[in-house]
Amino acid sequence: MLARGIGLLTAAVERGYALGAFTTYNLEVTQGIIAAAERLGKPVIVQAGAGAFSYAGRGPLAAMSLAMAASSRVAVGIHLDHSRNLEEIASCIELGYSSVMIDGSFLPIEANIAITRAAVDLAHGSGVWAEGELGAIGGDENVSVGANPESTMTDPAMVRTFVEETGVDALAVAVGNVHGISTPVEIDLARLSAIHRECTVPLVLHGASGLPDEVIRTVVGLGVAKINLNTELRRAFFEGLRDGLKGAEADSFDAVMRPARDAVEQIVESKLRLLWPDMHPAD
Ligand SMILES: [Zn+2]
């Protein structure tokens, strides 16, 4: 079923797990994400932002994702990722999204607070929860680049004010995490702990592709209740697709696309297992 309200997020905080939030670009990736969640009987977030919209079109991608969430056996949140645009946020809320992210991290702090506050008001007016970003997460959702300079990391001293003045329900932090897979990425766990102490709402870690399993498990204990993954899914999808095309009967959608869809399902399942303490694989 399509998740409504903030229940998905609060349940994660109360029960000590993190929600996996996976970026979709098309039907097969969405199928893989939801199939993994159904197999484990766990909720999941399917998200998309500008990169995916420019490929698939926002309306078609949203309609497909919302329809698949509605017919799913588990709770599926449909999330707008990294929006800089209040009109886009209003449109997605109108379409039935469960949650939205306003990314004002490219703005000076006062302007970030103002646009985030406006997005939160839009969201809360329709029973939708909102994620903001303080500090700037480096890299690009769609390609891999270098590390995040310390100057753009989230300042723990600013967290309390930002959360109080904006009313956000979740906060995306920059603690060394970078979009895309870039090595080496070092998560500043001391900074994350300091942010966690100051922050009254759950934290979100973007750019988790390529992070070692033990780091992902550690951040879940430090206030992170949503973890975003994109690159590893994309890579799995393309690898599966190449396998499908190599097959002897590569002239049917089942033969070509199913391996790609299955590859996404497999990577999502392995990530979801990391996020629930009760599902950790035997070490
Ligand atoms: Zn992100």
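The exercises below work through selected residues and strands of a predicted model.

Residues are numbered from 1 along each chain as its sequence is written, and side-chain values use heavy atoms, with hydrogens and water left out. Because the model is predicted, local features need pLDDT of at least 70 and side-chain atom pairs count only at pLDDT 80 or more, while totals for chains, interfaces and linings use all residues.

**Exercise 1. Find where Asp169 sits and what its side chain meets.**

Step 1. Asp169 is in the loop between helix H7 (156-166) and strand E6 (170-173). Helices (H or I, at least four residues) and strands (E, at least two) are DSSP runs, numbered from the N terminus.

Step 2. Look for a charged partner. Asp169 is buried but has no salt bridge; Arg117, the nearest side chain of opposite charge, is 8.9 Å away. Here buried means under 20% relative accessible area, exposed over 50%, and partly exposed in between (1.4 Å probe, protein chains only). A salt bridge is a side-chain nitrogen of Lys or Arg within 4 Å of a carboxyl oxygen of Asp or Glu. For charge, Lys and Arg count as positive and Asp and Glu as negative; His and the chain ends are not counted.

Step 3. Look for polar partners. The side chains of Asp169 and His124 are joined by a polar contact of 2.7 Å. A polar contact is a pair of N or O atoms within 3.5 Å; within protein, one must be able to donate a hydrogen and the other to accept it, and residues adjacent in sequence count only if both atoms are side-chain atoms.

**Exercise 2. Describe strand E5 and how its residues are covered.**

Step 1. Count the buried residues. Of the 6 residues of E5 (129-134), 6 are buried.

Step 2. Separate the faces. In a regular strand the side chains alternate between the two faces of the sheet. On one side of E5 are Trp129, Glu131 and Glu133, and on the other Ala130, Gly132 and Leu134, all buried.

Step 3. Find the pairing. Strand E4 (residues 99-102) runs parallel to E5 and is joined to it by 3 bridges; two strands pair if DSSP finds at least two bridges between them. Within this pairing, Val100 stands opposite Ala130.

**Exercise 3. How many disulfides does a search of the whole structure find?**

Step 1. Apply the rule. A disulfide is a pair of cysteine sulfur atoms within 2.5 Å. The search finds 0 disulfides.

Step 2. Check two cysteines for burial. Cys92 counts as buried because its relative accessibility is 0%, and Cys199 counts as buried at 11%.
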